[in-house]
Amino acid sequence: MAHRWETPGSIWLEDEHTAQFELASSEGLGRIERQAQSRGRLPDIAHLLGASLPLACDCSPIYPEGFAFCPTCGAALDKLAGRARTPPDWWGPWSDQLLPRHVPHGLNVTSLALGDSVEERPAAPAPGRPDASMPAPPNAHCVFAAGTYGFPAQRLIALAHARNVLQYWDPLARAWHVMAPEDNGSDLTFSAPAASYAWLPAPDPRRGEVGLVPTDRGLRRLFINPVSETYRTETVFDGLLASAPGAMRRHLACLVNGESGTRLWSAGSDMGNQLVYECDAPAGQWARPFGYDGKLFWLHAQGQLVWQPGAPPQWIAWPAGWSPRQQFGGPTQSRDGRLWLIGHDGQAYSFLELGKAAPQREELSGARLGFASLLFRRGHAVVGEPWGQEHVEDPHDDDAMVLPLLRGFNNNRSQPSGLVLRFHQYTGMAEDALAGRIIARTTLEWIGKRNVILDDIARLARPLDCVPFVYDNCLWLHHPDWNQVRGWQLDALP
């Protein structure tokens, strides 16, 4: 027989013979597996639920939420309830909802004040090294999210959407756990490349709620149960998705492959007023959407699809002979606020104005890598118009190439700052550097008020596979070829 203890969020059972506690159920978590509550997992479970842990007694390895003393021997407990201090969430920079409207949403831009912390390190040319590390996820081609998901403590998940594998990081055991689906219908497979993936976080999550995720079979609401190491999904929309979802104010939308071609599905943020528009657009792979000036944009090898809530979508084909170079970073802004995308017409590079049926074109003298005003030509920053001359501070940087990874937005800075990769002694084509070519020496740098070298990387291949993310007040960099994820400690972020 077991004694039943009820807390505001959970039900616990106390064995009358051993006096040990066991979690029977908890709000929003569904079925609790007994075998999942091994002693190695109990510290993480206690922090997640705000339960209590023993300090000096061996009566039970875990106690219900709010317990300050062991009911058997009276020893003081480590009461975790109410103590958690949660860092800001991270959903990938393309899901940052806190950016102001004049900054494009959906690009690699974050509102977190990373520069204020990173720039306290020794400035270049002093070399830096990582402060922390964690094992790479077992399925290394993945996207990361760090959030509370309705729990008192923040946790990190890594989704390998091409392989339908959801991974959970236990920071106390320093181990990755592969989460199992609770039913056969919870399939998270999304066949598009990682650069096309995006999820939408839940604004006010229930216990275990992650957010809206795209799958090959439609849009799903994802829930995790870290205690039993399982997950489940709820259907939001059924259809063969052609793109990740995007949000614009109180509307969300995604592209769907229909029998007659591409369609656009839209709904309100409450999932009401669902509409489907026919699009005169080709099928195939679409980049994840970005939002700007009240509109959502989807980019394709043949053109762009522009949608403003309340109006039909508009398909705009690229000019004849012009092809985009989306691997160079993405849209950037001119001084007057217009968006531009770099491409090539077979003879030279040029910037093309986005969102216009008769776009303006600006010719270029060479490739420019970057996005959202964080732009570089070779090793030099472009600080004026995207097609303007680069700013040469050091002529030696002519033999380098800079690839921006993440822009840190800050209203108090006149020039953009962010995380970049610098390829040293590289004079080849930009397309070759971003493909399979091995770069002998690369430095990871923060470009801002002070330039800081964070790490030196030897023999880097496929630099576009580098994934920066923020978790537990650390800036991390992951690459599928590395056994360890490298991290740099940040000051406590607001």
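User: How much accessible surface does the protein chain have, and what share of it belongs to carbon and sulfur atoms?

Analyst: This is a predicted model, in which local features need pLDDT of at least 70, side-chain atom pairs count only at pLDDT 80 or more, and totals for chains, interfaces and linings use all residues. Residues are numbered from 1 along each chain as its sequence is written, and side-chain values use heavy atoms, with hydrogens and water left out. Accessible areas come from the Shrake-Rupley method with a 1.4 Å probe; for residues, only the protein chains shown count as cover. Here the protein chain has about 21,300 Å² of accessible surface. Carbon and sulfur atoms own 48% of that.

User: What share of the 494 residues counts as buried?

Analyst: Buried means under 20% relative accessible area, exposed over 50%, and partly exposed in between (1.4 Å probe, protein chains only). By that cut-off, 56% of the 494 residues are buried.

User: How many helices and strands are there, and how does the radius of gyration compare with the globule rule?

Analyst: Helices (H or I, at least four residues) and strands (E, at least two) are DSSP runs, numbered from the N terminus. The protein chain has 3 helices and 38 strands. Its radius of gyration is 24 Å, close to the 23 Å that the globule rule gives for 494 residues, so the chain is as compact as a globular protein of that length. That radius is taken over C-alpha atoms, and the rule is 2.2 Å times the number of residues to the power 0.38. Along the principal axes, the C-alpha atoms fill a box of roughly 80 × 55 × 40 Å.

User: Which strands form the open sheet, and in what order?

Analyst: Strands of a sheet pair through backbone hydrogen bonds, either parallel or antiparallel. Two strands pair if DSSP finds at least two bridges between them. In this model, 5 strands form an open sheet with mixed pairing, in the order β6-β32-β33-β34-β35. β6 (109-110) and β35 (452-460) are at the edges with a single partner strand each, so one side of each has no neighbour in the sheet. Inside the order, β32 (residues 401-408) and β33 (residues 417-423) pair antiparallel over 7 bridges. Gly408 faces Ser417 of β33.

User: Where can I see hairpins, and how many residues lie between the strands?

Analyst: Start at β17 (residues 251-258) and β18, which run antiparallel with 8 bridges. Their hairpin has 2 residues between the strands. Cys254 stands opposite Trp265 in β18. Next, β18 pairs antiparallel with β19 (residues 275-278) over 4 bridges. There Arg263 has Glu278 as its bridge partner. This hairpin has 6 residues between the strands, and Met271 in it has a positive phi near 70°. As for cover, 6 of the 8 residues of β18 (residues 261-268) are buried.

User: Which strands does β38 pair with?

Analyst: β7 (residues 132-135) pairs antiparallel with β38 (residues 484-489) over 4 bridges. Leu475 has Trp488 as its bridge partner. A hairpin of 5 residues joins β37 to β38.

User: Which residues of helix α1 are buried, and what covers them?

Analyst: An α-helix has 3.6 residues a turn, so residues three or four places apart point the same way. Helix α1 (residues 42-49) has 6 of its 8 residues buried. They are Leu42, Asp44, Ile45, Ala46, Leu48 and Leu49. Their cover includes β2 (10-15), β3 (21-26), β4 (52-54), β9 (155-160) and β10 (165-170). Gly50 follows α1, with a positive phi near 75°.

User: Where is there a cis peptide bond? Which residues other than glycine have a positive phi?

Analyst: Most residues other than glycine have a negative phi, and most peptide bonds are trans. The bond between Ala124 and Pro125 is cis, with omega about 15°. Pro125 lies in the loop between α2 (114-118) and β7. Ala19 is one of the residues with a positive phi, about 65°. Ala19 sits in the loop between β2 and β3, and is buried at 16% relative accessible area. Asp293 also has a positive phi, near 55°. Asp293 is in the loop between β20 (290-292) and β21 (295-299), and is exposed at 56% relative accessibility.

Terms used. Contact means heavy atoms within 4.5 Å.
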